[in-house]
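Please look over the sequence and the model first, then read the points below.

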Amino acid sequence: MEIPVIDFSKLNGDKRGDTMALLHEACEKWGCFMVENHEIDTQLMGKVKQLINAYYEENLKESFYQSEIAKRLEKQQNTSDIDWESTFFIWHRPTSNINEISNISQELCQTMDEYIAQLLKLGEKLSELMSENLGLEKDYIKKAFSGNGEGPAVGTKVAKYPQCPRPELVRGLREHTDAGGIILLLQDDKVPGLEFFKDGKWVEIPPSKNNAIFVNTGDQVEVLSNGLYRSVVHRVMPDNNGSRISIATFYNPIGDAIISPAPKLLYPSNFRYGDYLKLYGSTKFGEKAPRFESMKNMINGHKIIPA
């Protein structure tokens, strides 16, 4: 099984319909996909990875291999409750904490801020395309995630999955779904490890080529879409031949955002069957979706308009 690839360069031409359909299918059936030709500066992407790798080597690598996690693996103790990863989290929106991170250089701060500014445009564009595919207003997801604030919350989990001497004994990151909204991953272009669960089997996500951004949808997109789009279980497997870099940026609801399924995507409920039959009599040979919408309008106190 090959993961869907969404080519953003085709969104403005005669291939737009096919591209939108492919995106919709990816969100419905996979919960993840690759984005190519996203217009993020590829040199900037490379610089982010280079600086993060250097930060890990200088500040985190030695302490990781001396950590309790490494000691438990070395002694072959129970590792079912640990993850073989070295990680830290950067908040970008609504407020940034990047300058509070220990030993971080101004070059890395500046580079990350420039990258996030470009990546945020991609996140917002994806939220608009998903909203459109769901039949919602273009800014529906963005507004839902913004709550009463000025925009969605944005943060980045920076992770290194260090070279592992006994990869068969531990997970890089245990099986889980993501709590948030739209996750945009800048990942390693050489070392594999990311796997998604689809149709009863684990599917390996290959290292990113052609500067593609890997995207997956989180639990809040599944809720908002009333289950039409999926939040899929995934994991990271460690590697004994190399360390893997993962820079995952979360386009999430802010903390006080109230999340619920979009009303337009809900079936009507709590109606009298007799009322439905009355409407059905005049709309039997039409599409059922307008009939369902009319029932919702009736329940909400509006006059039924036959479809």
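The expected span of a helix is 1.5 Å times one less than its number of residues. Helix 5 has 28 residues and covers 40 Å from its first C-alpha to its last, close to the 40 Å expected at 1.5 Å a residue. Helices (H or I, at least four residues) and strands (E, at least two) are DSSP runs, numbered from the N terminus.

The model is predicted: local features need pLDDT of at least 70, side-chain atom pairs count only at pLDDT 80 or more, and totals for chains, interfaces and linings use all residues. Residues are numbered from 1 along each chain as its sequence is written, and side-chain values use heavy atoms, with hydrogens and water left out.

- Two packed helices are described by the angle between their axes and the distance between the axes.
- Axes are lines fitted to C-alpha atoms, for helices over the stretch in contact, and angles run from 0 to 180 degrees between N-to-C directions.
- Helix 1 (residues 16–30) packs against helix 5 (residues 106–133) at an angle of about 90 degrees, and their axes are 10 Å apart.
- The two helices, helix 1 and helix 5, are therefore roughly perpendicular to each other; angles under 35 degrees count as roughly parallel, over 145 as roughly antiparallel, 65 to 115 as roughly perpendicular and the rest as oblique.
- Helix 1 brings Arg 16, Met 20, Leu 23, His 24 and Cys 27 to the contact, and helix 5 brings Leu 129, Met 130, Glu 132 and Asn 133; contact means heavy atoms within 4.5 Å.
- By class, the contact of helix 1 with helix 5 has five nonpolar, two polar and two charged residues. Here Ala, Val, Leu, Ile, Met, Phe, Trp, Tyr, Cys and Pro count as nonpolar, Asp, Glu, Lys and Arg as charged, and the others, Gly among them, as polar.
- After helix 5 comes Gly 135, with a positive phi near 80 degrees.

- Seven strands make up an open sheet with mixed pairing, in the order 1-2-9-6-11-4-3. Two strands pair if DSSP finds at least two bridges between them.
- Strand 1 (5–7) and strand 3 (86–93) are at the edges with a single partner strand each, so one side of each is left without a neighbour in the sheet.
- From one strand to the next, the twist averages 25 degrees.
- Strand 3 and strand 4 (residues 153–161) run antiparallel and are joined by seven bridges. Thr 87 has Ala 159 in strand 4 as its bridge partner.
- Helix 2 (residues 42–59) packs on the sheet and touches strand 3, strand 4, strand 6 (182–187), strand 9 (213–217) and strand 11 (244–252). The direction of helix 2 makes about 115 degrees with that of strand 11.

- Five of the five residues of strand 9 are buried, so strand 9 is largely enclosed by the rest of the structure. Buried means under 20% relative accessible area, exposed over 50%, and partly exposed in between (1.4 Å probe, protein chains only).
- Ile 213, Val 215 and Thr 217 point one way from strand 9, while Phe 214 and Asn 216 point the other way.
- Strand 2 (residues 32–36) runs antiparallel to strand 9, with four bridges joining them; Phe 33 stands opposite Val 215.
- Strand 6 is also joined to strand 9 by four bridges and runs antiparallel to it; Ile 183 has Asn 216 as its bridge partner.

**Two buried residues**

- Ser 246 lies in strand 11 and is buried, with a relative accessible area of 8%.
- Contacts of Ser 246, not counting residues up to four places away in sequence, include Lys 157, Val 158 and Leu 185.
- Phe 196 lies in strand 7 (residues 194–198) and counts as buried at 2% relative accessibility.
- Among the residues that Phe 196 touches, not counting those up to four places away in sequence, are Trp 202, Phe 214 and Val 232.
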